[in-house]
Amino acid sequence: MKAIWNGVILAESNDTVLVDGNHYFPEASLNKTYTSFSNHRSSSEKGQAQYLSLLVNGEFNPDAVWFYAEPTEAFAAIKGRVAFWKGVQITD
């Protein structure tokens, strides 16, 4: 699987976890060259999500990457993984 935005591969892995229609990539597969800090947070049954923003080829995509540093027990499989939205394409 690949996560692509603005013509750049942000993450690539054969080891993703599918939860609620979202592919969670191993954090190590994320190309951090294109990420920047975000102070945005949200909460759900999975725990508290933290976000990263993207800056690719001069374009900014705020809060387009999210992860659960400490997911709830029922979602332990997504610990150490990141997911994408806001126009990031997920392809195989």
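This is a predicted model: local features need pLDDT of at least 70, side-chain atom pairs count only at pLDDT 80 or more; totals for chains, interfaces and linings use all residues.
**Burial.** Of the 92 residues of the protein, 39% count as buried.

**Surface.** Next I took the accessible area. The protein exposes about 5200 Å². Carbon and sulfur atoms supply 49% of that area.

**Secondary structure.** I went through the elements in order. I found nine strands and zero helices. Read along the sequence, the pattern is β-β-β-β-β-β-β-β-β.

**Overall size.** I then asked how the radius of gyration compares with the globule rule. The radius of gyration is 12 Å, and the rule gives 12 Å for 92 residues, so the protein is as compact as a globular protein of that length. I also noted the box filled by the C-alpha atoms. Along the principal axes, this box is roughly 40 × 30 × 20 Å.

**Contacts.** I kept contacts between residues at least 6 apart in sequence. Among these, 43% join residues at least 24 apart.

**Charges.** I counted 7 positive and 10 negative side chains. The centres of the two sets lie 4 Å apart.

**Aromatic pairs.** How many aromatic pairs are there? The count comes to three. I followed up two pairs, which share Trp66.

I moved on to Trp66 with Trp85. The ring centres are again 6.0 Å apart. The planes meet at 85°, so this pair is edge-to-face as well. Trp66 is in strand β7, whereas Trp85 is in the loop between β8 (81-84) and β9 (89-91). This pair therefore ties together parts that are 19 residues apart in sequence.

**Accessibility of the two tryptophans.** Is each one buried or partly exposed? Trp66 has 8% relative accessibility, under the 20% cut-off, so I put it down as buried. Trp85 has a relative accessible area of 40% and is partly exposed, because that value falls between 20% and 50%.

**Cluster.** Last, I grouped the rings. Tyr24, Trp66 and Trp85 form one aromatic cluster.

Notes
Residues are numbered from 1 along each chain as its sequence is written. Side-chain values use heavy atoms; hydrogens and water are left out. Helices (H or I, at least four residues) and strands (E, at least two) are DSSP runs, numbered from the N terminus. The radius of gyration is taken over C-alpha atoms; the globule rule is 2.2 Å times the number of residues to the power 0.38. Buried means under 20% relative accessible area, exposed over 50%, partly exposed in between (1.4 Å probe, protein chains only). Contact means heavy atoms within 4.5 Å. Accessible areas come from the Shrake-Rupley method with a 1.4 Å probe; for residues, only the protein chains shown count as cover. Lys and Arg count as positive and Asp and Glu as negative; His and the chain ends are not counted. The place of a charge is taken as NZ of Lys, CZ of Arg, CG of Asp or CD of Glu. Rings of Phe, Tyr and Trp (its six-membered ring) pair if their centres lie within 6.5 Å; planes under 30 degrees apart count as stacked, over 60 as edge-to-face and the rest as tilted.
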